[in-house]
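Here is a quick tour for anyone opening this structure for the first time. Take a look at it, then read on.

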2 protein chains.
Amino acid sequence: MRIAVLGTGSVGRRIATKLVELGHEVMMGSRSADGEALREWVDETGADAAGGTFAEAAAAAELVFNCTAGTASLDALTAAGADNLAGKVLVDVANPLDFSGGMPPTLSICNDDSLGERIQAAFPEAKVVKSLNTVNNQVMTEPERLPGPHNVFVCGEDEEAKGKVTDLLVEFGWPRESIVDLGGISAARGAEMYLPLWLALMGALGTADFNIQVRVP
Amino acid sequence: MRIAVLGTGSVGRRIATKLVELGHEVMMGSRSADGEALREWVDETGADAAGGTFAEAAAAAELVFNCTAGTASLDALTAAGADNLAGKVLVDVANPLDFSGGMPPTLSICNDDSLGERIQAAFPEAKVVKSLNTVNNQVMTEPERLPGPHNVFVCGEDEEAKGKVTDLLVEFGWPRESIVDLGGISAARGAEMYLPLWLALMGALGTADFNIQVRVP
């Protein structure tokens, strides 16, 4: 599949590299087409890796990952262009973490709204699916690094889009039965507001390399 | 131990009954000493169960559980009286869920503050420990109803108080290794902001009878 990965940070690089390994045709998008992180990733990754602006990457893709910093995501997607996102699955991996007040970060959007919902509202023709934001980038693409079953979530308004994202998660190594559909895009509130617990757990465990399994009787 | 359980809802009744079963001397506290739910619980539960006002219950206790509705907790604890809480362990089980805007509820306090922190700030001489708010009342006192290990959290400023609450959780049936210390009382933000994910999971699973296990490599 032709996939755009917007964002050149650790999450974007990890997901883009995994997609290339899986045989997808990937263009990483950045604010500027000659940014250092972008060029570095393209040079390292080889033939199936391309780089461009947010708009170039989105225009070329069938499916788009938003891996930009949550507080910059709406600007980045605006730069990508509503027309380039229209009709496409937009996987929102970002968390609206605001570090401006120091540690621990707060959320720049929460409680009666979420970044996932804001993105869906701003780009109504995109098919936004919130996913993967509840785990560290290593766990995202290498779920088998943790022992036993553990869960990842999807939510969004479009069932077919959630199905496509679920299939990609299965390609990443997530067992199908570990992928929990939380419902519509408003469930992004839950997925994003989990972050403060994730951060407290990271502090308690001394590692970001963890995830949760949901236990039922 | 002489324990006060403030709140006559399902959480308060479940915890108070478990404490009686474990041999503790329990007084349930309510806004009014002749409230119906309070009288009913006392009549049902027998010799080791007493009922009184919030202040009577707190005054008689060595340790106090706050099981009131989160949006009413500060008022209830004010009625209990700062003097009656001073020097005592105050286990805060409440979630600041605000149902006034319909479903799903929002949190009346979150992001840069939490109910646990507000209670600690309002009653600086109490030793507030946030715990058990991340699970349904059945799971609180009967963790063995779910298969395999799963976790419960404690946080607070006083190490000895967290130790006492941990011992009580072990009495409830939680394996000691399943109890995760998240740190100081500000980690109550994480424990409380998990609620929107808990609610989304309840919708997805069709049951409130679940919990999470944290997986590390």
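This is a predicted model: local features need pLDDT of at least 70, side-chain atom pairs count only at pLDDT 80 or more; totals for chains, interfaces and linings use all residues.

Residues are numbered from 1 along each chain as its sequence is written, while chains are lettered from A and ligands numbered from 1 in the order in which they are written.

On pLDDT (the predictor's confidence in each residue, from 0 to 100), chain A has a mean of 97, with 100% of its residues at 70 or more. The complex gets an ipTM of 0.97 and a pTM of 0.97 from the predictor.

Now for the strands (DSSP runs of E, at least two residues, numbered from the N terminus; helices are runs of H or I, at least four). In chain A, 8 strands make an open, mixed sheet in the order 3-2-1-4-5-8-9-10. Strands 3 (49-53) and 10 (179-181) of chain A are at the edges with a single partner strand each, so one side of each has no neighbour in the sheet.

Strands count as paired if DSSP finds at least two bridges between them. Here are two pairs:

| Pair | Sense | Bridges |
|---|---|---|
| strand 2 (25-30) and strand 3 of chain A | parallel | 5 bridges |
| strand 11 (211-215) of chain A and strand 11 of chain B | antiparallel | 5 bridges |

In the pair within chain A, A:M28 stands opposite A:G51 of strand 3.

The contact (C-beta atoms, placed from the backbone, within 7 Å) takes 38 residues from chain B and 38 residues from chain A. On the chain B side, helix 10 gives the most, with 8 residues.

Technical notes
Two residues are in contact if their C-beta atoms, placed from the backbone, lie within 7 Å.
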